[in-house]
Amino acid sequence: MTRGLVFNIQRYSIHDGTGIRTIVFLKGCPLKCPWCSNPESQGPVRPSVWMKDGAEEPLGKWMSVDEVLHEVEKDEIFYRTSNGGVTLSGGEVLMQADFAAELLKEVKALGISTAIETTGALPLKQIRKVLPYTDQVLFDLKIMDPDKARQIIGEKISTIKQNFEEALNSPAHVIPRIPLIPGYTTPPENLRQIRDYVTGLGIKEIHILPFHQYGSGKYEYLKRSYRLKDTPLLKQEEVNTVKAFFESAQIKTVVSGLE
Amino acid sequence: MAEMYAVSNNNFMNIRKKSLLDDMKTFLFQNERRISLERAILFTKSHKQTEGEPQIIRRAKATAYILDHVKISIRPGELLVGNRTVRPRSGILSPEMDPYWIMKEMDTIHDRPQDAFYFTEADKRVYREQLLPYWSGRSMKDFINGKIPKNAQKAVDDLVIKLNQTDKGQGHIIMDFQAILNHGVGYYIDLLSRKSAAQPENNFFISAKVIFEAMARHFLRYRKEALQKAKSTEITEARKVELLEMADMCKRLSSQKPQSFYEALQLLWMTSIVGQYESNASSLSLGRMDQYLYPFYKKSVEEGVPGAFIREVLGDFYVKTNDVVLLRSRESAKCFAGFPTGYTVALGGLDQYGQSSVNELSYLMLDLYHSIRLPQPNLSVRINELIPRRFLNKTCETIRLGTGIPQIFNDEVIIPGFLSKGVSLDDARDYAVVGCVETTIPGKTYGLHDIALFNFLRIMEISLYELRDRDDLTFDQLVAYLLKRIDGYVKDVTIGSDIVDLAHREFAPIPFLSALVEDCIDNGKDITEGGARYNFSGVQGIGEANLADSLFVIKKLVFEQHEMKFSELVDALEADFEGKYKNLQNHVIHDFDKYGNDNPEIDMIAAKIFRHYALELGKYRNIRGGEFNAGAYTVSAHIPLGEDVGATPDGRKAHDQLADGGLSPMVGRDRLGPTAVLKSVSKIDNVLCVNGSLLNLKFQPSTLQGSSGIHKFADFLMAFTKLKIRHVQFNVQSRDTLFDAQKHPENYAGLIVRVAGYSAFFVDLNKKIQDDIIARCEHVL
């Protein structure tokens, strides 16, 4: 049986897709976003450790589809009343596409809503495995300039776009999610490129996620430096300006996943 | 005729140009709380004149004497009359119940940590020289002290049981307000006169009649007061018009039934105040106000009464429920901290057809709370599968205000619970809330809902020490021993409760209230004599969460993993995890799962023990022939009850608090968020908590943000409904809580902060970020 490397299962998540959801975080990600708030998931699909409160703590646990199902079924009653369900996140879900597809298939078979949160940074054949079982795709769009994207986060924009368009052509509902990272994704030129791209594809709704510092403690556990540790949070007006910018193109813009 | 009435009142209803509710609120809270001896002095004076008469008649005459002589006043701006004391929020002593406790606390009560009162030196003298000598030896407390049998006393001395209501009125009763609103005061005077004429030897009829007649006179005293006030040159013309109408209304209500929403509220309030004078009890609750007031509301709306006036008068009613506070002893104030006076209201819920009963008044009552925001009335919403989404959303928006109001009760559990206790379907569907979280059948029940507390964890502690040398024991034998110990103490608590029950019968019959509880008039008996239709006694089992956590640790540590012997574990507890046992405390806290994390192995330990307890308790009948019912709530008693228990295997240090609420997990031990907590709590068969249960949940305000936040919260409550959990109340996190979480992270392991797709618990964040979140929290709330 396929096994997946899971580094966290978080219940009662209300910001990541419809209704009340459980998020299964899969370990491993090919990107190196400097603002990543799950830095423990970066790198290959391989268990690792960090030091927390002076003690070594393992990161990542190999689990079978049944084991994960058993965990996510615990909140079934909440999915039923809220049209919620299971979201696979990461890391990058597509790094473990076979496992993800099998899990999503089982969840969907129970009539529970499925979602993935992805960067779309892997070859097309990966996303094609999961899309048939996915109701909602929360798709990260970050830096659109090909050179900067390659240098800063290590992604190839052409791949991202291919994946994005593949998702759009599937029955899944696709919502672009834009992390607002000061100096990285927020320059007006970048936001304009994102807007042009999505409007060209007929997108009607996006989510913007203002920068936060929630991940910074994790860098300490990992004994890694955190480049954004002194980056200030966005002011409410700055967030509003971005929101207005997208809305001026008739795109419904939801801040942080809650309307 | 109806038309004339409406026209003649139009002027009066429109004359107030600006709401005075804020002024009324301010007036209540502008002075420090004092103790008032007025009721005690009047009560005693009357009692001295009635020596030799039957107790019930003496009490009725004393209540009537108070109603005729107590100083009265009309507060600035109020439209409803009736105050227990001229000075707002005064503490009332009832030395006829227990004259002693105040003697010990007289000189410290003004600066005690919880619910302080100012007691003037002059009043202290009066108390010492006049009241104490008269009541010493003849109070209800004396009766109880002399009657408690050895065994029950031992259970009290063992710190396993605490008997309540030994020093004040029983309370926790809802009168049949619908009946008095439909009939009026005059009807009861006539009815009781007829009954009394037919059975002249029945003292209950005589007594009840004495008080209803005094109530009529009390209304007339307010009429006079209003007329007097209207003559004053210091008031505005507008106020004069209001006062003249109030005077007329008092006259009408002294005999007739109410004809409008305004009059219904006035009669409702006065009935409640007379009940307070009669027994000085905690929690003479209000029941289903949106139901029994609805016909009056509808009529008034149809007659064109302005909405602003309806809000003003209902708002006045809300404010007035904060005018009555309870004076409790230091110990009792710790258990019931912050004046839960018990003007509890249940909104919505199923009607007798099994349909949702939510109406426009239900909405108005929630809506009005948004602008008043005082601790009383304590609003509750009855939830069920049929609740209209619009009302559920309104409920969620009210909870989002962050005050913990309203609390939620689940019809899908509570109704079957009552059915299992022999309550009729119609009555079960009509349940309401008394006190804090206890449920009752309004107007039909004398339920002694708050008669005793039962400390599970203390029984476990006693058992562990009794067994400490038995290293040969199996886990099952240990549990069997514990259950047997529970059985023994259950018997003791029923005996103790019965003594208090009997004491209230002998010393504190309450004929006025009884006349407004169904079957008492038919039976010709006071409720204390068993006149009511339903006659329960409720005992609260406390410490479930810590007990389940502790047994789970014992099971794993001693019996499965064989890390230490049973006797060694008891040694560690005796040492309070100090010295060589320091690491053990960490180990048991962190390396063993706990109740509240949806782990069936632990949850079922709690479930089995609670079921055993509830069924055992249900075998006993009280002196009125009613069943003993189990409850699972602490109010604030988890702190003092924790003081009674040494260190426990769940890692709790000696004298630390127990889990709050009743069914809540131990603070800081739930790691997986609110859905996991609900799943754990649902494992305990909530149907068995017929007397009441309490669950606290904490939420970050940002999770309730916007319309989708409200929708998801409402969905969460629908899952709660399906999980058949009886009660929940929400603590939407404030800044202060987050500050506390920063200082004591060990207590907040499960607090999730608002994140989009990232695993972040508040305690995992560094201080700087926590500060940020706290700063943001300021403008969220």
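**Close-up 1. Glu117(A) meets its partner across a strand pair.** In E8(A), Leu138(A) is the residue that bridges to Glu117(A). This is a predicted model, and here we're looking at E7 (residues 113–118) and E8 (residues 136–140) of chain A, which run parallel and share four bridges. Helix H3 (residues 97–109) of chain A packs on the sheet, and its direction makes about 155° with that of E7(A). Besides E7, H3 touches E1 (3–13), E2 (21–26), E5 and E6 (85–89), again in chain A.

**Close-up 2. The whole sheet of chain A, strand by strand.** Nine strands line up as an open sheet in the order E5-E1-E2-E6-E7-E8-E9-E10-E11 (chain A), and the pairing is mixed. Going from one strand to the next, the twist averages 30°. As a reminder, strands of a sheet pair through backbone hydrogen bonds, and they can do that parallel or antiparallel.

**Close-up 3. Strand E2(A), covered on both faces.** Six of the six residues of E2(A) are buried, so the rest of the structure largely encloses this strand. Side chains in a regular strand alternate between the two faces of the sheet. For E2(A), one side carries Arg21(A), Ile23(A) and Phe25(A), while the other carries Thr22(A), Val24(A) and Leu26(A), and all of them are buried. E2(A) has E1(A) as an antiparallel partner over five bridges, with Ser13(A) bridging to Arg21(A) in E2(A). E2(A) also pairs with E6(A), this time in the parallel sense and again over five bridges. There, Ile23(A) has Thr87(A) in E6(A) as its bridge partner.

**Close-up 4. Two helices of chain B cross.** Helix H8 (residues 150–157) and helix H23 (residues 475–507) of chain B pack at about 110°, and their axes are 8 Å apart. That angle falls between 65 and 115 degrees, so H8(B) counts as roughly perpendicular to H23(B). From H8(B) come Asn151(B), Ala152(B) and Ala155(B); they meet Tyr489(B), Asp492(B), Ile495(B) and Gly496(B) of H23(B). Sorted by class, the contact has four nonpolar, two polar and one charged residues.

**Close-up 5. Thr528(B), a buried loop residue.** Look for Thr528(B) in the loop between helix H25 (520–523) and strand E12 (537–542) of chain B. Its relative accessible area is 1%, so Thr528(B) falls under the 20% cut-off and is buried. Setting aside neighbours within four places in sequence, the residues in contact with Thr528(B) are Tyr446(B), His504(B), Arg505(B), Ala508(B), Pro509(B) and Arg624(B). The C-alpha atoms of Thr528(B) and Asp501(B) are separated by 7.4 Å, though these two residues sit 27 residues apart along the chain.

**Close-up 6. Asp660(B), another buried loop residue.** This one is in the loop between helix H30 (638–643) and helix H31 (674–683) of chain B. At 10% relative accessibility, Asp660(B) is under the 20% cut-off, so this residue counts as buried too. Leaving out residues up to four places away in sequence, Asp660(B) touches Thr634(B), His638(B), Pro665(B), Val667(B) and Asn696(B).

Methods. Residues numbered from 1 in each chain as written. Chains lettered and ligands numbered in written order. Predicted model: local features only at pLDDT ≥ 70, side-chain atom pairs only at ≥ 80, totals over all residues. Heavy atoms only, no water. Pairing = 2+ DSSP bridges. Axes fitted to C-alpha atoms, helices over the stretch in contact; angles between N-to-C directions. Contact = heavy atoms within 4.5 Å. Parallel < 35°, antiparallel > 145°, perpendicular 65-115°, else oblique. Nonpolar A, V, L, I, M, F, W, Y, C, P; charged D, E, K, R; others polar. Buried < 20%, exposed > 50% of the residue type's maximum accessible area, 1.4 Å probe, protein only.
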